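Visitor: I am new to this structure and would like a close look at one part. Could you take me slowly through the surface near one of the DNA strands?

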There are 2 protein chains.
Amino acid sequence: MLSSDADGLSSRGAAVEIADRPRREVTLADVARAAGVSKSTASKALRDKYGVGADTRTRVREVAEKLGFRPSAVARQLTAGRTGTVGILTNDLEGRFVIPILAGAEDALGAGELSVILCDARGDAIRERRHLRTLLERRIDGLIVVGGARTEPRPSLGRDLPLPVVYAYAPSADPEDVSVAADDRLGGLLAAEHLWSIGRRSIAYIGGDPTYDASRERAEGARAALAALGGELITAPMSAGSWTERWGRLATARLLDEQPGIDAFIAASDMLARAALDVLRDRRLRVPDDVAVMGFDNWPIIVTNTRPELTSVDLGLQELGRYAASRIFAALSGEEVAPGLDLRPVRVVVRDSTVRNDVAAD
Amino acid sequence: MLSSDADGLSSRGAAVEIADRPRREVTLADVARAAGVSKSTASKALRDKYGVGADTRTRVREVAEKLGFRPSAVARQLTAGRTGTVGILTNDLEGRFVIPILAGAEDALGAGELSVILCDARGDAIRERRHLRTLLERRIDGLIVVGGARTEPRPSLGRDLPLPVVYAYAPSADPEDVSVAADDRLGGLLAAEHLWSIGRRSIAYIGGDPTYDASRERAEGARAALAALGGELITAPMSAGSWTERWGRLATARLLDEQPGIDAFIAASDMLARAALDVLRDRRLRVPDDVAVMGFDNWPIIVTNTRPELTSVDLGLQELGRYAASRIFAALSGEEVAPGLDLRPVRVVVRDSTVRNDVAAD
DNA sequence: CTGTTAGCGCGTTCAA
DNA sequence: TTGAACGCGCTAACAG
């Protein structure tokens, strides 16, 4: 069922008036009347303001409690000028990258008493404008724009928005906007360093769709790290690359055939790494003994289900969401938030596919 | 960067007053003044109401446009009594089952001009109460409670909430509440019928964590279907079951060893099905020729990446979210929504792991 | 310490 | 066709 019925008030003055009204919320005036004080006194009493007698306060509170009074945030917002809401605008709600960011942001915002209004434009610019309009009319205090599948810069929503805006994951194309994103290049760099540190010297990269910046950045990072260490990154022509396991298997096989002696793979995603594991298994190559493998994303459901479990670069997306929220808070409290792209650190999570920790089961 | 600066208005009367105020939104009064009409006229003009001259209307609109007027939803809500918002309360935002439901609901609600306020209680009852309080104070028009990982009934939020509430995925324990969920039993039933229809007569079930209703319901459905067809479902003792691939491999191996002649597996999840595929592959059993395999969830990233691609039961979660939203709309428009659990249909998505469609690649 | 008054920004009577 | 006045629920400024 839906709407409930009246509450258990009664007693006191306005019995007749309230009794059986077709569903009205209990208002401050009701409380004040029932407590025999004025609205402003009731208001103060309920909010620990100075200037209210202790006895009055408790009486008002009891009455409010009994009546089931819920102060209307709407009314409060009208005078306060702030709504205590932050919009989160995304284009790919179903994508798995958006979720952790969203979760992190919601968590941080909620802890700061801000509610999240969620909008999914599903990649449609028209819908995006519509949602933006709605959000502005709702007088949100801040806005987080969460990029979808790709990390490429996205069009700015404009500089003249009357509120703090933070772009997360996919930065804004306008350098004057505030953007936060995961540092893919650093990820590649750390991955290569990790493999180097465990003695691998013949490290190959399995890229994803080469039109993705993320795939290229990760390769760049690895390449740079190895160059600094005196090594070199082995790559395959990636013109046909994609994010499918099918491609992962193909690329792995090709690399193994053409470049004998490979002792480690960096895959641009966990799915690709998993594909690599499958191929290595088929070829009776031991992981990590013969070949170490690591992926990107640290996607729990994948990395803990492969055999052996998969070392992976964690992009810290939840933390990214939290960080985006913190930028909003900063702006809201008057701080000057520096414009531009703020690249956030990532980290390598080591598992059995590069360093054996315990008995390999199965 | 954050708050922008003034807009390009100027001209007309109140130049001094507005000029450089510390960031005030353009209000209806501003528009009215600038257009030389009264507030009420401006209001009507902007909303196609009768009783406004055509020329007046266009003039007001031009002015509003130029001033960048955005009617405050907050103010409107105060008198309207409705806020045009729906709360979505979940306990497992990061879980992959919540997302499609959330996406479906957001889509349907957004199309109906309702905004979504998202709250994640992360399984904490205290936090849930707090969020609920906030939502009620924000005067949401409706509430959707989206269950997390498990499908078991959850505690009701109470019968006396002054708004329509719909529980999705995990129903409310109170039969007086409105609940919608995927029909797991039907899923098991359809799965078994599908396999039977392609000639399989020795069908085994790989369950997940046996403490999950979902795992048991699916088995029940399959068992019932086979019983009706004159068959019997082969199961393994599931006391040790879980949702990991590790368990999936174990269970598959055990079933194959103990029950020779199995020609089909129904796994309680796609991950488990994937594990089964791995074992079958290791044993050089052909899929689907020797053994057909199907999973549950129809999780895109998994089912399209296995070899062969995986037949799976789609729980229609996005549609479930949409349906939950529709229940809210119904209640909001005064319809009587029947209380109780409303089980929604699921469907089998056939792929190569049960019926070969095209050349097996790789 | 308490009560009265005046908005917040909009929509909606009801007169003019 | 237009405008003045009121109210939505609450808070903040002032009086008492």
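Guide: For sorting residues, Ala, Val, Leu, Ile, Met, Phe, Trp, Tyr, Cys and Pro count as nonpolar, Asp, Glu, Lys and Arg as charged, and the others, Gly among them, as polar. This is a predicted model, in which local features need pLDDT of at least 70 and side-chain atom pairs count only at pLDDT 80 or more, while totals for chains, interfaces and linings use all residues. Residues are numbered from 1 along each chain as its sequence is written, chains are lettered from A and ligands numbered from 1 in the order in which they are written, and side-chain values use heavy atoms, with hydrogens and water left out.

The surface near DNA strand D divides into 8 nonpolar, 12 polar and 4 charged residues, where a residue is near a strand if one of its heavy atoms lies within 4 Å of it. In total 24 residues surround DNA strand D, and the closest are Leu28(A), Ser43(A), Gly53(B), Thr56(B) and Thr79(B).

A side-chain N or O atom of Ser43(A) is 2.6 Å from a phosphate oxygen of DNA strand D, whereas a polar side-chain atom of Lys39(A) lies 2.9 Å from a base nitrogen, and a polar backbone atom of Ala75(A) is 3.5 Å from a base nitrogen. Two or more residues of this surface come from each of H3 and H5 of chain A and H3 and H5 of chain B, and H5(A) gives the most, with 4 residues; helices (H or I, at least four residues) are DSSP runs numbered from the N terminus.

Notes
Polar contact = N/O pair within 3.5 Å; in protein donor to acceptor, adjacent residues only side chain to side chain.
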